[in-house]
Amino acid sequence: MQPIAIHAAFDSGNIETRRISGAQAWLELRPDPGNAFKQWFHFGISGAHGRELVLKIGDLNNSAYPAGWPGYHAAVTEDRLHWNRATSSFDANEDGGTLTIRYTPSGDLAWFAYFAPFSLERHMELVARSAAAKGVGHRVLGHSLDGRPIDCLELGEGEKHVWLFARQHPGESMAEWWMEGALAKLTDHSDPVARALRKAVRFHIVPNCNPDGSFRGHLRTNAVGTNLNREWDNPTPEQSPEVLAIRNAMDETGVHFAIDVHGDEAIPHVFLAGFEGMAGLQPHQQAGFDRYSALLDAQTPDFQTRHGYPITPAGRGNPAMATNQLAARYGCVSMTLEMPFKDHDDLPDPVQGWSAERSSQLGRSCLDALYRWLKES
Ligand code: ZN
């Protein structure tokens, strides 16, 4: 029987094939430019003929987050529509750290990814569909280094400006699934919460801050290897035009409330990170963050407040990160929302793990919490 064949020359594809024997393959990840980060993968397999595939991704002790692999199961699909999980195991002592994925497709084809991908085509469909909805405006804030638009959707009639933005780190595709849920809710005229929110605030929504990195199959950087969430104090046209465009637009409107949507490789929970380390904050900012966190906790069992990043000591906040820069620059309540690549261990799903569907649902829940947050403030 023919050996399997492996390909990744498509939107968000990423894999290097070292060796194939029958239905078994030895693979490595292609790092972001500058060799700094590797963790994202997305590739297709043909010629499975119903055999059990054994896929070994090596050298993972040199990946960006080695702690992301224990307890992780790879995402798999056969129809490109529904993504489940394929049983995977990590051995730090095999070939520099190896993730072994085992999966038996029903037919010849299967695709594997670090998380259910959100393609550039789907991004354009999301932007087009949202922009066509009643009362929604679209503007291009600027362009990426590869010449892609930084799309921003604008809606609502209120005077307070709410900014929602995602995928500074392109491999965190759950962030754009979150956006798909949030935009579906906000453009649903039969949704009373959406109607009230649109009356109360003006939304500025950037579903994908890093289209180049997304298309190129990067984990954390843009076309030239810049980590956009380390550029917010000094973005440049050469290294980070995406951030420069977004921050200039924020300077025009000011910011009352902002969520920067991400995924975390290692922690199997949904959590928020704030701006505690920044100097010169107003008391209402931390109180506003804490109140939103409590409201979201009450809103959905897919969120929790026990697990997350350690609090940054006062005065040690990094102003190059969006949440910190926004809190200091605009005196607003800003936050980083983190979703897992693994699962949400408080409410696990053995079939799908944390999924595109639950990310979308969380986008809706975050808006429900925002409605209550605005009502009480
Ligand atoms: Zn991130």
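Helices H2 and H8 are oblique to each other; angles under 35 degrees count as roughly parallel, over 145 as roughly antiparallel, 65 to 115 as roughly perpendicular and the rest as oblique. The model is predicted, so local features need pLDDT of at least 70 and side-chain atom pairs pLDDT 80 or more, while totals for chains, interfaces and linings use all residues. Residues are numbered from 1 along each chain as its sequence is written, and side-chain values use heavy atoms, without hydrogens and water.

The axes of H2 and H8 (residues 356-376) lie 7 Å apart, at an angle of about 50 degrees. Axes are lines fitted to C-alpha atoms, for helices over the stretch in contact, with angles from 0 to 180 degrees between N-to-C directions. Helices (H or I, at least four residues) and strands (E, at least two) are DSSP runs, numbered from the N terminus. The crossing of H2 and H8 is right-handed: the near helix is turned clockwise from the far one by less than a right angle, anticlockwise being left-handed. H2 contributes residues including Met174, Trp177, Trp178 and Leu186 to the contact. Among those from H8 are Ala356, Leu362, Arg364 and Leu367. Contact means heavy atoms within 4.5 Å.

A zinc ion is coordinated by His169 (ND1), Glu172 (OE), Glu172 (OE) and His262 (ND1), at 2.1 to 2.4 Å. Donors are N, O and S atoms within 2.8 Å of the metal (3.2 Å for Na, K and Ca); water is not among the atoms, so sites may look incomplete. Angles among the 4 donor atoms run from 57 to 147 degrees, and the site is irregular. Four donors count as tetrahedral if all angles lie between 85 and 135 degrees; four count as square planar and six as octahedral if opposite donors are over 155 degrees apart and all others between 65 and 115; anything else is irregular.

The donor spacing in sequence is H-x2-E-x89-H. Glu172 sits in the loop between strand S13 (160-166) and helix H2 (174-186), and His262 in strand S15 (residues 257-264), so this pair ties together parts 90 residues apart in sequence. Both Glu172 and His262 are buried (under 20% relative accessible area; exposed is over 50%, partly exposed in between; 1.4 Å probe, protein chains only).

Gly353 is placed in the loop between strand S17 (333-340) and H8. Its relative accessibility is 5%, so Gly353 counts as buried. Gly353 touches Arg85, Lys342, Asp343 and Arg358, not counting residues up to four places away in sequence. Gly353 and Trp83 are 270 residues apart in sequence, yet 9.7 Å apart in space, C-alpha to C-alpha.
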